[in-house]
Amino acid sequence: MPSMTELFHSLVKSKASDLHLTVGACPQMRLNGRIVDIPGERLTPQALQELAYGILTKEQVVQFEREKELDFSYSL
């Protein structure tokens with residue numbers, strides 16, 4: 001499974017606008033208004049959690065688990 005940084009680099013390279021991550025589906029991107037698969041494995045709950053937590057600080061993980069939502073940004 002690619003890392004979140006690798007997925008974001010795929011978006012930038014493809015000039016896509018959004019990354020969509022859903023359990024049971026391959027990672028997807030919005031390209032020219034259409035949702036297209038990023039080749040790879042379907043996401044399991046554990047894989048999706050690892051992707052998301054991989055770009056969060058420990059404090060952000062704690063806040064997310066406590067509040068079940070988190071507003072943050074990520075820069076490449």
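Reply: Helices (H or I, at least four residues) and strands (E, at least two) are DSSP runs, numbered from the N terminus. Asparagine 32 sits in the loop between strand S2 (28-31) and strand S3 (34-37). This is a predicted model, in which local features need pLDDT of at least 70, side-chain atom pairs count only at pLDDT 80 or more, and totals for chains, interfaces and linings use all residues. Residues are numbered from 1 along each chain as its sequence is written, and side-chain values use heavy atoms, with hydrogens and water left out.

Me: Why is asparagine 32 called exposed?

Reply: Buried means under 20% relative accessible area, exposed over 50%, and partly exposed in between (1.4 Å probe, protein chains only). Asparagine 32 has 75% relative accessibility, so asparagine 32 counts as exposed. Its phi is near 55 degrees, a positive value in a residue other than glycine.

Me: What makes lysine 15 exposed?

Reply: The value for lysine 15 is 73%, which is over 50%, so the label is exposed. Lysine 15 lies in the loop between H1 and strand S1 (18-20). Phi of lysine 15 is near 60 degrees, again positive in a residue other than glycine.

Me: Why is tyrosine 74 called partly exposed?

Reply: Its relative accessible area is 31%, between 20% and 50%, so tyrosine 74 is partly exposed. Tyrosine 74 is found in the segment after helix H3 (58-67).
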